Amino acid sequence: MAVQPKKQTPIMEISDGGLGLGLAAFIANGEDLGPMIRQGFDCGKPEALMHSLRGIVKKKEVEIEELCRLHYEDFILAVDELRGEAITILKICVKVISLCMACNNYIAEAKFRPALKTLDLIEKSYLQNIPVKLLKKVVGRQIPLIKLHIEKKACGEFNDWLVHIRRMAKQIGQVSISHASLARQKDEDIRARQREAEENSHAGPDEHKYTLDLENTDEETALDFDLTPVYRAHHIHICLGIGEKFRDYYYKNRLMQLNLDMQISTSQPFLESHQPFLAQVAGFFIVEERVLRTADKILTESQVEATWEIAIAKITSICENQFSHMGTASHLLLIKDYITLLATVLKKYGYQTRPLIDILDKSRDKYHQLLLTECRKQVDDVLANDSYEQMLIKKEYEYNMNVTAFHLEPSDVILDFPYLAPFSAYVPDVCRIVRSFIGDSVSYLSYGGDMNLYDVVKRYLDRLLIEVLNNCLLNRMYARSLAMSQMMQLAGNISVLEQACDLYVLYSAQQCGIPKRVAERSRSSLTARAVLKASQNAAYNALINMANSKIDEFMVLLDDVNWIVEESPDNANDYMNEVLIYLETLVSAAQEILPQEALYKVVSGAMSHISDSIMTTLLFRKRALYYFRV
């Protein structure tokens with residue numbers, strides 16, 4: 001549709017009357033007054049033009065006054081309404097601006113929670129009602145930017161916390177493990193006093209004398225670490241409507257930290273690095289347990305369990321690999337002890353620590369094999385350096401240290417120092433090695449696996465006495481490097497060690513926490529006792545053979561004896577005197593060293609050998625005479 005051209009009012013000639021009418025017509029039609037004013041100046045009549053304009057203004061003022069007079073009340077109402085709207089608009093704008101300023105102040109003071117509440121109030125209650133479009137646009141654009149800024153700030157604080165808590169984790173673990181170690185030592189001390197009281201009392205233990213002190217140090221207070229940045233960051237993300245994003249961020253970052261913690265140093269021996277390594281693990285999971293318990297749904301139990309499974313698999317792999325390369329029992333025992341404490345600590349926090357115990361179960365044969373190897377070297381050294389002479393004890397404290405401590409002689413023995421013991425010095429030394437082995441075995445096996453501790457300790461004790469002690473004694477016996485007196489002392493020593501087996505069993509029971517009266521009732525013996533008994537008989541036989549060999553040296557003189565002399569000589573034969581002197585020396589030495597049974601066996605063996613030698617000689621002479629006469 002064509003646009004209709006605007007109707008043009010012709011420019012009238014300037015005259016006093018026509019000018020006023022023309023201006024009025026131009027104003028009424030909304031025409032541009034520029035051409036008419038220019039014409040008025042061109043015609044030299046600007047005064048007439050101004051006069052006409054003033055007349056028009058005055059006329060319009062009259063019309064306005066008349067209009068206002070006729071519509072006064074409506075006008076006042078309209079003005080009041082406009083003023084009310086203006087005030088409302090102004091109040092909204094002022095309120096929004098004041099809220100924005102308050103939000104800025106909260107952000108400047110790092111008070112993000114009230115800042116978010118303020119933003120939420122602006123967004124939900126004011127943003128859509130802001131009447132000024134420019135202000136509305138600016139506020140609407142800034143709200144998401146401010147939220148993003150708050151999110152970054154919260155994440156920044158949380159990231160700082162991640163760095164801080166990883167640095168503190170080792171200290172947290174060390175403190176907790178130290179508490180567990182002190183509690184264990186206290187418990188062991190109490191049990192030791194209870195055992196001592198039982199052994200010293202025939203009436204049995206006093207149930208009220210020693211009781212466990214259940215008062216524990218508040219470990220939560222000692223483990224002082226702050227989770228406020230975690231709580232705040234989580235709450236801020238919830239307020240931003242992205243709580244799940246933060247929970248995922250937390251889990252992934254902590255998992256990455258755990259993977260870093262699981263990397264052990266290759267430049268440092270595991271014996272030196274295992275404690276900080278395991279303490280770091282303990283600290284990590286203590287923190288996770290508290291986050292799970294106190295932080296609203298940041299973590300789930302399944303997530304913590306999955307993280308623990310990752311850690312336990314890595315710990316198992318590392319320990320099994322390290323244990324396989326270890327060649328010293330004491331080193332393995334130190335690491336085992338720390339693993340046991342780690343299990344104790346984490347079990348208290350609700351973690352399944354059975355896999356840690358399984359690591360120790362798998363390594364107990366390895367540990368005892370190392371221990372047996374070390375004991376074999378010790379026993380070999382003791383046997384090699386022994387004089388195989390009766391032990392001379394000069395003082396009572398020496399007797400208590402070497403005899404009484406191991407119950408090697410009855411308590412009613414009358415002592416007169418210096419005292420000559422029936423055994424040589426290596427017997428108490430071997431007893432110390434055996435006791436040390438028992439203590440080390442119990443120390444390793446006390447981690448609490450599914451086993452009868454007493455039975456397992458006895459099984460390894462049997463191996464020590466058979467595979468190590470008995471074999472070392474047999475090697476010494478068959479080395480043919482011992483003189484007659486030394487072999488006699490060796491046989492006597494084996495007899496003492498065989499009798500000491502029952503004492504080893506009682507000591508094992510004591511170390512395992514079994515009351516002495518219970519262990520004595522059970523009368524459980526060791527296979528090693530029968531084995532040592534057999535070795536003892538072998539020593540007696542070796543001793544008899546040595547005695548017989550010596551006697552044979554005298555028996556060669558039988559050929560010079562006149563067995564059919566008509567008159568008996570005034571003095572006994574020289575060879576017989578030498579035999580008697582040797583037998584007296586043999587019996588005298590054997591009486592101090594060998595038990596009566598062994599003494600009888602050796603002496604009767606010697607006498608039997610002498611008798612057989614004489615009879616053999618006489619029979620040979622009889623045949624010789626017979627053949628001569630024929």
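Me: What makes the charged end of Lys 458 count as sitting over the ring of Tyr 454?

Reply: The charged end of Lys 458 is 4.6 Å from the centre of the Tyr 454 ring. A charge sits over a ring if NZ of Lys or CZ of Arg is within 6 Å of the ring centre and within 35 degrees of the ring normal. Arg 459 likewise lies over the face of Tyr 460, at 5.9 Å from the ring centre. This is a predicted model, in which local features need pLDDT of at least 70 and side-chain atom pairs count only at pLDDT 80 or more, while totals for chains, interfaces and linings use all residues. Residues are numbered from 1 along each chain as its sequence is written, and side-chain values use heavy atoms, with hydrogens and water left out.

Me: How many aromatic pairs does the structure hold, and why is the pair of Phe 158 and Tyr 249 called tilted?

Reply: The structure holds 14 aromatic pairs. In the pair of Phe 158 and Tyr 249, the centres are 5.9 Å apart and the planes make an angle of 55°. Rings of Phe, Tyr and Trp (its six-membered ring) pair if their centres lie within 6.5 Å; planes under 30 degrees apart count as stacked, over 60 as edge-to-face and the rest as tilted. An angle of 55° is therefore tilted.

Me: What makes this pair a link between distant parts of the chain?

Reply: Phe 158 belongs to helix α6 (residues 133-199) and Tyr 249 to helix α9 (residues 243-261), 91 residues apart. Helices (H or I, at least four residues) and strands (E, at least two) are DSSP runs, numbered from the N terminus. Both residues also belong to one aromatic cluster with Trp 161, Phe 246 and Tyr 250.

Me: Why is Phe 158 called buried and Tyr 249 partly exposed?

Reply: Buried means under 20% relative accessible area, exposed over 50%, and partly exposed in between (1.4 Å probe, protein chains only). Phe 158 has a value of 0%, so this residue is buried, whereas Tyr 249, at 30%, is partly exposed.

Me: Why is the pair of Tyr 399 and Phe 417 called edge-to-face?

Reply: The planes of Tyr 399 and Phe 417 are 75° apart, with 6.3 Å centre to centre, so the pair passes the edge-to-face limit. Tyr 399 lies in helix α14 (residues 396-402) and Phe 417 in the loop between α14 and β2 (419-420), 18 residues apart. Tyr 399 is buried, with a relative accessible area of 5%, while Phe 417 is partly exposed, at 29%.
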